[in-house]
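Biologist: I am new to this structure, and I would like to go through it slowly with you. Could we look at it together and take one topic at a time?

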Amino acid sequence: LLKIRLKKAQGQLVGGEKFFHFEDWHEEQRAIDELRTGLDIILKARQVGVSTEELARDFWFALVHRGVNVLVLVQSKEVSYTLFAALQLFVKSLDEIGLLPTTQYSRRGEIVFETTGSSIRVTEAGETEKSASKKARSGTYHRLHCTEVAFWGAAASTMAAALESVPEGGEVVIESTPQGA
């Protein structure tokens, strides 16, 4: 039921939107979905749609669970804008077919669903040790999605702070393409 934005391939005018149908998923996406444990670390290749699949799961998690908070941590402010735009497209997809729950608000990287009392927030990881220690400490997150961790400025400090915010039984997914050995 969710639409995704197609990337514009080099030299091609692909672009546009399409539904994120399971039958169109890459083999890697299907394997991740099948082997999911709720505490997952995914070393991935580029451009196989893992971040998109996980973002869709983040959105689903906030929609079907009551009173949960979902946090998506990314490597930069620019990427946070891109992923939040993808979330807004998910919202638009459900709104167009009349299945969007009442939304309390959607702004500054966060969507709060009035119907479920749940939220989803996209923000950048800390760039420095000082800013990293403050990330994710302001709440409890029932699902934590860390994307492109290999490119975070202060990965160890940010990860430590973020993991402390996840209660027992919460979901954590850490996914990244490699950056060197």
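Biologist: Which residue of β7 does glutamate 110 stand opposite?

Modeller: Please keep in mind throughout that this is a predicted model. Strand β6, residues 110–113, pairs with strand β7, residues 118–124, in the antiparallel sense over four bridges. Within β7, the residue that stands opposite glutamate 110 is arginine 121.

Biologist: Which strands are the edge strands of the open sheet?

Modeller: The open sheet has seven strands with mixed pairing, in the order β3-β9-β8-β4-β7-β6-β5. An edge strand pairs on one side only, and this holds for β3 (39–43) and β5 (103–107). From one strand to the next the twist averages 5 degrees. The edge strands are therefore β3 and β5.

Biologist: How many helices and strands are there in the protein as a whole?

Modeller: Read from the N terminus on, the elements run β-β-α-β-α-β-α-β-β-β-α-β-α-β. Of the 181 residues of the protein, 47% count as buried. The count of elements comes to five helices and nine strands.

Biologist: How far apart are the end C-alpha atoms of α2, and what span should its residues have?

Modeller: The helix α2 has 15 residues, which at 1.5 Å a residue should span 21 Å.

Biologist: How many residues of α2 are buried?

Modeller: A residue counts as buried when its relative accessible area is under 20%. Among the residues of α2 that are buried are Val50, Glu53, Leu55, Phe59 and Leu63. The helix α2 is mostly covered, and of its 15 residues the number buried is eleven.

Biologist: Which element gives the largest share of the lining of the largest pocket?

Modeller: The largest pocket has a volume of about 1000 Å³, and it is lined by 33 residues, of which Arg5, Lys7, Gln47, Gly49 and Thr52 lie nearest its centre. The elements that give two or more residues to this lining are β1 (3–5), β2 (17–19), α2 (50–64) and α3 (77–96). By class, the lining of the largest pocket has 15 nonpolar, eleven polar and seven charged residues. The largest share, seven residues, comes from α3.

Biologist: Which element gives the most to the lining of the second largest pocket?

Modeller: About 340 Å³ of space lies in the second largest pocket, and of the 15 residues that line it, Leu2, Ala56, Arg57, Phe59 and Trp60 are the closest to its centre. By class, this lining has eleven nonpolar, no polar and four charged residues. The element that gives the most, with seven residues, is α2.

Biologist: Is glutamine 47, which has a positive phi, buried or partly exposed?

Modeller: Most residues other than glycine have a negative phi. Glutamine 47 has a phi near 65 degrees, and it lies in the loop between β3 and α2. Its relative accessible area is 47%, and glutamine 47 is therefore partly exposed.

Biologist: What of glutamate 148: is it buried or exposed?

Modeller: Glutamate 148 is not a glycine, although its phi is positive, at about 55 degrees. Its place is in the loop between β8 (143–147) and α5 (155–164). With a relative accessible area of 11%, glutamate 148 is buried.

Notes: Residues are numbered from 1 along each chain as its sequence is written. This is a predicted model: local features need pLDDT of at least 70, side-chain atom pairs count only at pLDDT 80 or more; totals for chains, interfaces and linings use all residues. Side-chain values use heavy atoms; hydrogens and water are left out. On a 1 Å grid over the protein atoms alone, a cavity is a set of points where a 1.4 Å probe fits but cannot get out, and a pocket is an open set with protein on both sides within 12 Å along at least five of seven lines; lining residues have an atom within 4 Å of a point. Grid points are joined across faces, edges and corners, and a volume is the space filled by probe spheres set on the points. Ala, Val, Leu, Ile, Met, Phe, Trp, Tyr, Cys and Pro count as nonpolar, Asp, Glu, Lys and Arg as charged, and the others, Gly among them, as polar. The expected span of a helix is 1.5 Å times one less than its number of residues. Buried means under 20% relative accessible area, exposed over 50%, partly exposed in between (1.4 Å probe, protein chains only). Two strands pair if DSSP finds at least two bridges between them. Axes are lines fitted to C-alpha atoms, for helices over the stretch in contact, and angles run from 0 to 180 degrees between N-to-C directions.
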